[in-house]
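Take a moment to look it over before reading on.

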Amino acid sequence: MPEGPEIRRAADRIAAAVVGQPLRVVEFAFPGLKHYESALLGRRIESITPRGKALLTRFDCGLTLYSHNQLYGVWRVASAGERPATTRSLRVALETARKAILLYSASDVSIWRSEEIEQHPFLQRIGPDVLDATLQPEAVAARLALPRFRGRGLAALLLDQGFLAGMGNYLRSEVLFEAGIAPDRRPRDLDDAERARLAEALLAVPRRSYLTRGVRKARGLRADYLTDTAEGFRFRVFDRAGEPCPACGEMVTRTEAAGRRLYACDRCQR
Ligand SMILES: [Zn+2]
């Protein structure tokens, strides 16, 4: 399951193919969206932004395409006029003179007036995105103190997209390690310094992962979202059970928490 940084890099790739260029082909397979095809012809895509696992494609005419890939949907980039051979069904095609972006197999697709997109039920449910550059540690610390979050175990809370969107399983282990906090603690048990440290790490770790282009390839993570890279983001504890903790040399342990594997250093994380 790709996490926030991988989703955002995938969005960057499809955005780079089409943003700013007039659309020459606009196709929707959904009957309810057909009437938007002519309205979008000749318009430009301004931005493509992930929100959790949804993608918002914003056009320069005040409309925004909402798409959620769920389990099967996938975006592809192709040359203009090209349609890759696939058994998947094409649901959305947005094509400029140079490139096309093609959405296959997704069923959760809709078009909104841009100023109303936040009313989408999915966007109403998810928390602020850890990769939103305007999100500040103080706001995350305040969120940790909210009644609906403060009594929950951190191991489960850090996977809950309703708390913070864009978090995921490898980020959970790395964030808790960076903050020096044990996964079985609850926000209400943290003192102010710990809460501030956790809030910092909840933003710093995903942003570092996004900026350093790719993570060490790990078992169970989809290879097409990852790049092996010498200088890229390195897991310090995730997927490193039995290896020495980079901070203290104690052995990194693996447990299960909220149904997913979790890695920690019991000496560094209190
Ligand atoms: Zn340690």
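Predicted model: local features only at pLDDT ≥ 70, side-chain atom pairs only at ≥ 80, totals over all residues.

Helices here are DSSP runs of H or I with at least four residues, numbered from the N terminus.

**Helix 1**
- Helix 1 covers residues 4-18, which makes 15 residues.
- From its first C-alpha to its last, helix 1 reaches 22 Å, close to the 21 Å expected at 1.5 Å a residue.
- Is helix 1 mostly covered or mostly open? Helix 1 is mostly covered, with 12 of its 15 residues buried.
- Among the buried residues are Gly4, Ile7, Arg8, Ile14 and Val18.
- Just after helix 1 comes Gly20, whose phi is positive, at about 90 degrees.

**The second largest cavity**
- Searching the whole structure turns up 2 cavities of 30 Å³ or more.
- The second largest cavity holds about 40 Å³ of space.
- Helix 1 gives the most to its lining, with 3 residues.
- Gly4, Ile7 and Arg8 are among the lining residues, and so are Pro50 and Asp129.
- By class, this lining has 3 nonpolar, 3 polar and 2 charged residues.

**The second largest pocket**
- About 280 Å³ of space lies in the second largest pocket.
- Two elements give two or more residues each to its lining: strand 2 (45-51) and strand 3 (54-59).
- Strand 2 gives the most, with 4 residues.
- Of the 16 lining residues, Thr49, Pro50, Arg51, Leu56 and Glu118 lie nearest the pocket's centre.
- The lining divides into 6 nonpolar, 4 polar and 6 charged residues.

Conventions
Residues numbered from 1 in each chain as written. Heavy atoms only, no water. 1 Å grid on protein atoms, 1.4 Å probe; cavity = no way out; pocket = protein on both sides within 12 Å on 5 of 7 lines; lining within 4 Å. Points joined across faces, edges and corners; volume = space filled by probe spheres on them. Nonpolar A, V, L, I, M, F, W, Y, C, P; charged D, E, K, R; others polar. Expected span 1.5 Å × (residues − 1). Buried < 20%, exposed > 50% of the residue type's maximum accessible area, 1.4 Å probe, protein only.
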